[in-house]
Structure formats: structure tokens, C-alpha cells
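Subject: Structure handover

Hi there,

Here is the structure I promised to pass on. Please open it next to this message, and then read on for what turned up.

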Amino acid sequence: MADPTTAMPASTQPRQRRRLVRDLKAMPGFTATAWLCIVTLYLPILVLIAFSFNENRSVVLWTGFSLDWYAKALENDGIRNAAWVSVKIALFATVISTIAATMAALATTRTKAFAGQGLVYGIINQPLMIPEIVTAIATLSLFALVKKVTGLTGIGYLMLAHAAFCIPFAYMPIRARLETMTLTLEQAAADLYAPPLKVFTLVTLPLLGPGIVAGAMLAFVVSLDDVIITLMIAGPGETTLPIYILGAIRRGITPEINAVSTILVAVSVLLVMLLFLVQRRMQR
Amino acid sequence: MSGREPQTALAAAIEQNRRNERVTRAWLLAPALTIILAISILPLGITVVYSFLTPGTYGGVTWEFSTDSYVQFLFQRDIFDDSLVFNSAYVSIFLRSIGLALGATLGALILGFPTAYFIATKPREQRNIWLFLITLPFWTNLLIRTYAMLLIIRDEGIINIMLMKAGIISSPLTILYTDTAVFIGLIYSFLPFMVLPIYASLEKLDFSLVEAGYDLYANRLKVLFHVIVPLAKPGIVAGCILVFIPGLGAYITPELLGGGKKLMIGNMIAMQFGASRNWPFGSAAALILMALVILVLLANALAARRGASNNG
């Protein structure tokens, strides 16, 4: 006689269901894991930054705030030279890779689909798909051969190598921007008898601007941070900042390294934050 | 008769237009393709050639054909009778690297999946902040991040100090220069690569399916493993590949956290071009590493194709 559904107090069933629906998306422990991820990703860097301001020589005990290590680092000739080399290479690589990537992005989005498009994408993204150490030793082998044949030496090799691996990073945001841009404005300009070059400089380029800026910033950051390829092919006197830092770490930990590292991290973070803002403007 | 001429003129104009487009495209693609072909792809060809040459005395190569590099990978010549004896040194470095990369992939998955899910279930504005926080470390220098990790896991690092102050341990745990350190370092380095693709596939997740699961009396675990995980599979696979491949070729992490004692493939290759001065062997090892990477990518492509044909 007693139907199990009516035997149950009528009010509990909907309430139970509502409770389930309310945290439909919740999974126990997932929030904690997410926070653990953030702590894991940020704690080491924050400790490094904190100790770069430590007054004491120790990288263990906090004794007080000081900017001494920054002053020491900025006075250090080795660090200053390395910073200059890094900036020179990064600027060259950024200009070359951004121009090449912009042109390639126009070719792959602003013309009709073509045979071999997949191959072109493959080639452009190739530096991303191969382990960096392989690219590094392969490039070293090529450059050693070229140096032997031509006798040419200099920082040009390093600049070219950086330009090559920066292309896919510059290409991604530029292509993404072009894909979201409609052709309407360019067509309107062409309909009003603007010659192709004018359409490009007065319509396409200004619209594409944020994409190009984003691409250039990524290229700059990637070049500035490179270690492995630079380590393998840099000749004497071509020490970049990361290579200098690696050498200094091998010699022993000093607060000066913490200060230089903090500066390098700050530059990357600032550029990426700027990029984030540029991209948010692009979305609007 | 009179109607045909304009037609052919039109066809010619279209043909001309098409040809112009091809020419423009070729010019636009030329710089990027030339740079990458010359600086990134041509060198791979040179590496193949080098791997079949004889090492030069002071580094570089001597132009004499030899398969020694590949033989050396597996065997050692006996000094007395010149016979080949199996040598496990290099194979074991490869196996160690594969093991560490697989372990790091699993670790990153265990940490990364819940994080990606957590982010995907947040309101839109909060999601952007979380994604930014996950992406930011990727753009900061890997060397400096690894060095920062070294600072905190050292014997006198902040982790040991805190654990000792809390009275959990009495003497510092030795983590640095062990496999554990390399394992932690790899997870730390490549964790963002796991979170982002999983997030991308979870973001599109239709939660009415989750609700349906609960309506059919599935508990949380069942919904997670029978509804959410299968739907997020493409992202999980992509994340695993993106962590495994750079993990396998890692150089900085084992160099700093393994202390140069716990070698991985990347360090072994770099050594051949440095102190060991055996460029052909280094080239061969690099090609074997690349073959492994291509194998992983091929297996993935095949699995994806089979999955697609099953569904279709």
C-alpha cells in the first residue's frame, strides 16, 4: 500500500534536487587544486623578487629592505654589456620577424585558399614543433659550415637565428587579427577607386595595427628570453643577459643575480600586460 | 559570334587576376619562408648529414662516412678484440628522459585538469583574470623561473626552513639535484601548456549533459569520468602532448635542478657539441629525439583520424 514516493516527505525531494542543481558544476577539491597551481607557479618567482630587495648578502634570511643589489648589478660591466647585446638582438629579430610575419599573414588570409596552404602553415610553425635543443644544434652545425666557407663572424648569426624562431610567435596574433577583420572596409575603399597600395596603407594597415603590435611584443619577449639556441651558437663577446645569468648561477648564487633576474622578469611581465590590454581593445 | 568575344576577354581578365594573386602571394610569403627554410629546416638536413660523418679532433666533423654514431648509441667497441658489446648508457638516458617526461605529464594533468575545470566554471570576467595568471609565467624567462625553483627547494631554501620551523622535519629534505627536483621542475615549467587546451575544450562544455548525468543518479565521480572527461578528451590529449614533448627535450630544468648529474636527452646532446666534441653522435642523438617526437605526433594524428571516422 505504502507507495515509496508518497512515504517520503514531499518537501525533501525538490530541496535535495535543488541543492544538486545549485552546485552542479562544483567538484570537491578542484578549487583547492586551482589555488595550489597558482601558488606553485608564483611562489618561487615571488621569493626570488623578495630576496632581490634583501639588505643582507644571504639569500635565506631576511634582514631588511635595500636596493643595493640593483645598484651593484647596474654597475657591473658584464651585466651591462650582456643587456645591450640582448636588446640589440631582440630589436633586430623583432623588426625582421614582424615584417616577415605580417607579409606571410596577409598572404595566408587575404588571398583565396590555395594548394599547399597546409605546407606553408607547417613551415611557418616549424620552429614551434621541434625541440629547441634540436634546432639549436642544427643551427650551430649550419653556422659552423657557413663560417668555415665564408670566414664571416659576428653577431649577425645570432640575430638571424632569433629572427627565425620569432616568426611563428609574431605570426599568430597578426593572423588572428586578420581573420576577425571583415573585408568590407577594404572593398569599400577599392570601390571608391583607391589603388591597392592606398587601400593597404590607409585601411588595412591601421586596422591591423594592434595585431602587428601584439606580434612584435611577443617576438621581443621570446627573443629576450631565449637560452638554449643562444647558448649553443653565441660566439665570444656575444653573451646575452640570460646566458650571463646562467653562467652566474653556475658560479654560485648571489643576490646580484636575483636583482638582474627580477629586472628581466619585470620587462617581460610589463610587455605581456601591455599586450593583454591591446588584445582586450582589439576584442571590443 | 558577337557574344563570345567579351566572354573570352572576361575569362582572360579573371585568369590574369588569378595569376596576379599568385604572384603577390608568392612575394608576400617569400621572406618568412626563406628565413625559416634557411635557418630552421636546412640545418636539419645538415644534421642528418653530420650524423653519418666522423668527429673532428677539435669539435666539428671530418668528411668521412661512418655509421659509428648510431652504433655507439647501442654498443661499445670492446678494447681488446674490437667486438661490439651492448652499452646501455645512452639508452638508459633516453628511457630516464621518457620516464621523467611521462611522470611530469601525469603530474601536470592531475594539477591542470581540476584547474582548467575550475576556471571554465567561473563567470566570464573572472575567467580572463585566471587565464591571464596561468599564461603569464609562460612569457617569463624559463631559466629565471627554474632558478627561482632552485632557490626554494634547496636544502636551505624556504620550503625546508618552513617545514623545519613547523617541526615536521628535523633535518632538511634533500630535493635539489635529484630526480624529484627535475620532476617538480618539469611540471612547474610546462603546467600552463596543460591547463590552456583543457580549458579550451571545457569552456564549450554543455552543462545540461552534466545535469542529465545527475538526473540519472550518477554520483560526482561517475559524472566526472563518464561525462566531463570524455567531452574534454581532445583538450586533455593536446595538453599531454604539449607537456610531454618539451619535457622530453628539456635542457634547462635538468641542467639546473638535476645539477648536471641527472642527465636528460637535451643535456646529453648539448654535451656532444661542447666538452665531448662528438658532433656526429650529438646529431644522431638529436635525430633520435626528433624521431620520438614525430612518433608521438603521428600516433596522435592516427588516433584522431580513427576517432573521427568512428564518430562519422
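**Domains**

Taken over C-alpha atoms, the centres of domain 1 and domain 2 of chain B are 41 Å apart. Domain 1 of chain B covers residues 4-50 and domain 2 covers 89-277; the bounds come from an automatic or database domain assignment.

Before going further, a word on the source: this is a predicted model, in which local features need pLDDT of at least 70, side-chain atom pairs count only at pLDDT 80 or more, and totals for chains, interfaces and linings use all residues. Residues are numbered from 1 along each chain as its sequence is written, while chains are lettered from A and ligands numbered from 1 in the order in which they are written.

Chain A is likewise divided, into domain 1 (11-52) and domain 2 (77-283). Their C-alpha centres lie 36 Å apart. Five residues of domain 1 of chain A are in contact with six residues of domain 2 of chain A, where contact means that the C-beta atoms, placed from the backbone, lie within 7 Å. On the domain 1 side, those residues are four nonpolar, one polar and no charged. Here Ala, Val, Leu, Ile, Met, Phe, Trp, Tyr, Cys and Pro count as nonpolar, Asp, Glu, Lys and Arg as charged, and the others, Gly among them, as polar.

**Chain A as a whole**

Chain A has 13 helices and zero strands. Both are DSSP runs numbered from the N terminus, with helices (H or I) of at least four residues and strands (E) of at least two. The radius of gyration of chain A is 27 Å, well over the 19 Å that the globule rule gives for 284 residues, so chain A is more spread out than a compact globule. That radius is taken over C-alpha atoms, and the rule is 2.2 Å times the number of residues to the power 0.38. Along its principal axes, the C-alpha trace of chain A spans about 100 × 70 × 35 Å.

Of the 284 residues in chain A, 39% count as buried. A residue is buried if 20 or more other C-beta atoms lie within 10 Å of its own, exposed if 12 or fewer, and partly exposed in between, with C-beta atoms placed from the backbone. Helix α9 of chain A (residues 184-191) lies largely in the open, because the number buried among its eight residues is zero. Just after α9(A), A:Y193 takes a positive phi of about 65 degrees.

**Where the chains meet**

In chain A, 72 residues are in contact with 72 residues of chain B. Helix α3 of chain A (residues 30-52) gives the most to the chain A side, with 14 residues. By class, that side has 57 nonpolar, 11 polar and four charged residues.

**Two spots in chain B**

B:Y177 sits in the loop between α6 (158-165) and α7 of chain B, and its phi is near 65 degrees, a positive value in a residue other than glycine. B:Y177 counts as partly exposed because it has 19 C-beta neighbours inside 10 Å.

B:Y217 lies in the loop between α8 (207-215) and α9 (220-231) of chain B. Its phi is also positive, about 65 degrees, although B:Y217 is not a glycine. With 7 C-beta neighbours inside 10 Å, B:Y217 counts as exposed.

Happy browsing, and do write back with any questions!

Notes: Two residues are in contact if their C-beta atoms, placed from the backbone, lie within 7 Å.
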